[in-house]
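Visitor: Please show me the model, and then let us go through a few of its details by question and answer.

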Number of protein chains: 2
Amino acid sequence: MAATIRDVARLAGVSTSTVSRALSVPDLVNATTRAKVQSAAASLGYAPNKAARGLITGRTGNIGLVLPDLANPFFPSVVKGVQSRARAADVAVFVADTDENDLAEINLVRALAKQVDGLILCSPRANADELKRIAAETTVVLVNRLFDDIPAVVFDHQDGMRQAVAHLVALGHQRIAWVGGPVSSWSSEQRGSGLAAAAASQGVELVQVGHFPPYYDGGMAAADQVVATGATAVIAYNDLVAFGLLGRLHLRGLSVPADISVVGIDDIEAATMVRPTLTTVRLPKQQAGRLAVELLLSLLDEAVAPTPEPGGDSPGSQPDRARAEAKTNHRSLTGELMVRDSTGVAAR
Amino acid sequence: MAATIRDVARLAGVSTSTVSRALSVPDLVNATTRAKVQSAAASLGYAPNKAARGLITGRTGNIGLVLPDLANPFFPSVVKGVQSRARAADVAVFVADTDENDLAEINLVRALAKQVDGLILCSPRANADELKRIAAETTVVLVNRLFDDIPAVVFDHQDGMRQAVAHLVALGHQRIAWVGGPVSSWSSEQRGSGLAAAAASQGVELVQVGHFPPYYDGGMAAADQVVATGATAVIAYNDLVAFGLLGRLHLRGLSVPADISVVGIDDIEAATMVRPTLTTVRLPKQQAGRLAVELLLSLLDEAVAPTPEPGGDSPGSQPDRARAEAKTNHRSLTGELMVRDSTGVAAR
DNA sequence: GACGAGTCTGCAATCGGTTGTAGTCACATG
DNA sequence: CATGTGACTACAACCGATTGCAGACTCGTC
């Protein structure tokens with residue numbers, strides 16, 4: 001069906017090796033030969049077979065993207081970022097949805113790992129040991145999770161939470177509820193501790209109302225507990241949970257923000273579609289996706305053209321530099337508070 | 001790194017061909033040999049290299065899924081359906097988002113086509129000629145679009161629109177507005193004509209207010225024209241557009257459903273998160289995805305073990321049966337009206 | 001005990017590329 | 001004119017699997 005390198009070679013009157021070189025390392029072949037080959041290739045619409053190339057080079061030109069739940073609008077944004085960047089580098093992206101299931105997650109990772117050059121794990125639920133093992137046998141970039149020295153792109157939750165708390169404090173809130181996400185979620189932990197720090201430094205009370213599924217229903221389930229805390233403002237693990245809070249609060253006849261202020265995290269598109277529109281911390285999701293790809297690609301390049309063995313000739317020297325280098329594999333993106341209608345001056 | 005077939009062969013004390021057969025066509029090898037091979041393979045954690053296999057078999061074990069916009073929650077649902085079914089068949093899925101851009105669409109298709117066994121095109125925007133060409137050079141299944149004999153999974157918009165109109169008629173609405181989607185959208189056309197038919201047969205007036213982008217902003221833009229028509233009810237191209245209508249109507253101080261009823265199409269999750277909750281036609285999105293994969297896989301099987309040439313021995317005979325067979329490549333799924341708070345008895 | 005039939009297994013070619021190595025050729029130099 | 005040099009290009013092995021074909025082996029039968 002498709003043209004092979006042999007077809008091109010025949011048409012150009014050269015050998016297949018010359019074709020291969022003319023197309024991948026043009027400097028190695030004579031200019032006139034190169035031109036012949038290139039025009040032959042063009043006229044046949046030749047494109048090298050990725051599988052065949054991968055067989056010999058050991059690289060597939062594909063990457064994998066594993067995430068918990070495509071139905072959560074947070075993730076499609078990341079996917080878009082990943083795709084746009086990957087496309088520019090001419091690599092294709094396998095996308096896999098784990099349905100928030102950590103078992104499915106490691107199975108998918110295992111299955112994908114063999115077909116890709118590297119993997120991007122977005123908000124992985126896997127535990128530390130599994131993560132460690134995965135990273136040991138595959139090139140991996142984490143998004144929205146930090147673990148050891150595994151390269152990662154994360155959001156600066158400390159800062160995001162600080163912004164949210166500052167906003168609420170300015171509105172007079174003194175007692176803020178926090179609706180946590182899944183226990184296995186790194187970002188939930190980060191957001192929680194970021195909040196705790198922010199609340200402490202800004203002199204307000206923070207009360208956690210537990211862990212809830214990161215869906216609308218999770219927010220519904222949390223709402224009554226939030227009300228019971230007597231807090232005048234609540235920060236939700238993510239926007240979906242915030243929506244659930246809004247829904248249940250409305251059912252109970254409580255008015256937002258008059259009776260209670262609600263803050264989300266993520267800034268998914270729907271945040272401006274609900275009423276009241278949702279005050280939330282916007283995370284640069286697409287950018288995270290793009291950065292993750294860049295990080296991954298640079299790691300892959302590095303692997304093929306390895307930098308001099310760290311400490312190879314002078315073992316133990318410059319440990320600080322080594323650590324600093326490792327640090328550069330962690331990119332932190334800051335969020336931005338979007339103030340909308342769901343927050344107002346504290347009740348009472 | 002990973003174990004190859006040679007490693008297994010060595011460990012089992014047989015040749016690579018025996019290993020290959022023992023694992024793929026077990027009947028061909030002696031039971032004891034087979035057991036030896038299988039345990040060797042298991043102990044090495046052997047899994048055949050897909051690229052190498054693909055090289056000789058011509059099949060990659062991958063499929064591609066192309067869709068207009070992952071940010072529209074309609075599509076992630078389809079993706080989920082596709083993935084769950086594909087995973088069961090051990091095929092991996094490339095996902096590509098075209099950003100509603102028909103040019104990007106054909107480029108992506110072209111790029112993907114070489115790396116996959118088949119393609120699922122979801123709500124493709126490509127025109128007829130391009131579609132024809134694509135289908136000619138790749139195994140393709142369409143979702144949410146019908147064209148010629150290309151295998152497809154579609155939704156029965158006739159019926160969905162009939163349900164929506166019946167609901168509105170029962171509420172006393174006599175003049176219904178229709179907010180169309182993109183002009184290049186097949187489903188918009190279908191929904192429009194389905195509506196026209198339903199309105200005619202049920203004796204109510206239908207007024208189209210043009211074509212709008214399938215986003216929240218499209219609904220915002222359409223709302224004022226809808227109001228100007230004097231219609232007491234409006235059906236939107238999809239839920240996102242309906243949300244936009246709700247938003248703009250609210251801004252204008254109109255109350256839904258007291259002043260005007262709003263109906264969406266899709267039933268994305270957010271339909272129950274907005275206020276008022278949205279009456280909408282639920283489309284079985286995941287099922288569509290699953291069916292599309294099944295259709296695609298069966299077509300691929302067929303291609304490898306082709307059925308007797310249609311009309312080969314008795315040309316021209318049984319044209320009806322042939323046509324009926326072609327028809328079986330079109331699956332139609334019916335939607336279901338979800339009545340919620342955005343529809344009520346007609347104003348006045 | 002030899003031969004035929006029937007099973008099973010191994011050899012080797014093949015898929016479409018890449019790449020180390022050896023060979024060709026033109027040219028310049030002694 | 002013979003030889004050395006450098007710049008290209010062709011040959012062939014190889015990546016990891018699959019598969020047609022032929023050889024080996026077992027067993028039953030005459």
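Visitor: In which helix does Leu296(B) lie, and is Leu296(B) buried or exposed?
Guide: This is a predicted model, in which local features need pLDDT of at least 70, side-chain atom pairs count only at pLDDT 80 or more, and totals for chains, interfaces and linings use all residues. Residues are numbered from 1 along each chain as its sequence is written, chains are lettered from A in the order in which they are written, and side-chain values use heavy atoms, with hydrogens and water left out. Leu296(B) belongs to helix H12 (residues 285-304) of chain B, helices being DSSP runs of H or I with at least four residues, numbered from the N terminus. Its relative accessibility is 0%, so Leu296(B) counts as buried (under 20% relative accessible area, with a 1.4 Å probe and protein chains only).

Visitor: Which residues does Leu296(B) touch, not counting those up to four places away in sequence?
Guide: Contact means heavy atoms within 4.5 Å. With residues up to four places away in sequence not counted, the residues that Leu296(B) touches are Ile63(B), Gly118(B), Leu119(B), Ile120(B), Thr139(B) and Val141(B).

Visitor: How many Å separate the axes of H8(A) and H9(A) where they pack?
Guide: Two packed helices are described by the angle between their axes and the distance between the axes. Axes are lines fitted to C-alpha atoms over the stretch in contact, with angles from 0 to 180 degrees between N-to-C directions. For helix H8 (residues 157-170) and helix H9 (residues 186-202) of chain A, the angle is about 45 degrees and the axes are apart by 8 Å.

Note on methods: Helix = DSSP H or I, 4+ residues; strand = E, 2+ residues; numbered from the N terminus. Buried < 20%, exposed > 50% of the residue type's maximum accessible area, 1.4 Å probe, protein only.
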